[in-house]
Amino acid sequence: MIRRGGYREKFGQRLGIYDCDVRARLSKQRSTWLHAVSVGEVNVALKLANALRTLEADLRCVLTTTTTTGFALARKNAPPWIEVMYTPLDYWPVMRRAFSVIRPARILLIEAEVWPNLVAIARGYRIPTALVNARLSPRSEKRFRRVRFIVAPTFRLLDLVCVPENEDADRWAALRVSRDRIRVTGSIKYDPVGLGRINPAVGLFGVPPSGGSADDSLAGSPGRLKPELRTPSAEVQESTDEVPLPRFDPKNHLVLFGGSTHHGEEEILATVFVRLRQQFSSLRLFIAPRHVERMREIRTRLDALRLHVRLASELRGRQEINDADCVLLDTTGELQRWYHIATVVFMGKSLTAHGGQNPVEPILAGKPVVFGPHMENFGMLARTLVSRKAAIQVHDADSLERAIVELLQDTEARQRLVQNALEVLSTHKGATERAAALVHKVHSIP
């Protein structure tokens, strides 16, 4: 909290202390409590809540989140029937105070947020608790196995566990979650819920193409998109006003885009970019760092490569960026929107760091994806994408450069990659509705 800043706002909520207005609103009706740690989980929670509301017209929710960026995103996108708050610290007296105010009818934990005091108090009050989109990587399972005697009693208190893949079901069962409480629903994060069929020529949001290729979506104007269809995701500096996207002619401009990059990856991308500019004179580099506190460090490193760097916030009110080689995104909740200007997307935390970032967002924007060898957090999806020729996996800076060159040179190859990726994601279509249907009946789970 200290490192990222902004923690002083509503800090009392982290201690289970709420103002009179919040207490008054929550006293009117018992709520469904959704807990989502940060930006990615908040997006899942909002999709699930909207699907659940189609089954329960009078649904009221409390959405708690841990990070300031997650809180800002939730507050910006949540409908009036969702109360957005910070997550209370998982200490017994703090949680008891929170329960007395929130008065949850049920609790939905997103992905892996299983806090022992929260779950134990819920069981003591006979409040059903579900874990939704419960992704569990092999590395996390191995870590949990070492302390299984500590975590298993908490996991056994869960009434329902909705998992994305069969492999996740096996891992949760190995941690002593009863098989009859585990359901395979697909991934809500990968489900293009409510958006119909995705056309790779226009991406997720149906931005009208000016010609007919996947890259023509670069010429679209995502700023005109309906607010309810935007899926913000970048955990960077908060911004209340959207920065207008620069207008590119896709026939004359190419964009290499680094999404959610980590330490060292920006410099690798910039070095590759400098070499590629000799072959592709119209190429531009866009980088969205995962953590905004590294912005000064990144800019210093890029300046050392003699690149003319601009911040996205500096482009406010401007349409052209011809004077910039590289643009750094320093705005919150706009990464999905910015993916529309990309020609090729590199997914961060996969080359110099371990774990990987979510490759689905650029795919749903109709963009070809390249990632490094370390995609542990999305292992099954990454392997499927690679095996189905739906993404390209590289192993070092040299192979990254070769892959980018091939994609920049071949429009049809980019289109094939996107089409294949959308077919892979189609297996998760309906995951949100399936999870919502199970949650709707959660009180009947034994």
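How many residues apart in helix H10 are Glu297 and Arg301? Look for the answer in the third view below. This is a predicted model, where local features need pLDDT of at least 70, side-chain atom pairs count only at pLDDT 80 or more, and totals for chains, interfaces and linings use all residues. Residues are numbered from 1 along each chain as its sequence is written, and side-chain values use heavy atoms, with hydrogens and water left out.

**View 1. An open sheet of 7 strands, paired in parallel.** The order is S3-S2-S1-S4-S5-S6-S7; strands are DSSP runs of E, at least two residues, and helices runs of H or I, at least four, numbered from the N terminus. Two strands pair if DSSP finds at least two bridges between them. At the edges sit S3 (82-86) and S7 (182-184), each pairing on one side only.

**View 2. Arg106 and Glu56 meet in a salt bridge, at 2.5 Å from N to O.** A salt bridge here is a side-chain nitrogen of Lys or Arg within 4 Å of a carboxyl oxygen of Asp or Glu. Arg106 lies in strand S4 and Glu56 in the loop between helix H2 and S2, so the pair ties together parts 50 residues apart in sequence. Both Arg106 and Glu56 are buried (under 20% relative accessible area; exposed is over 50%, partly exposed in between; 1.4 Å probe, protein chains only).

**View 3. Arg301 and Glu297 form a salt bridge, at 3.5 Å from N to O.** The two are 4 residues apart in helix H10 (295-304), about one helical turn. Arg301 is partly exposed at 36%, and Glu297 is partly exposed at 28%.
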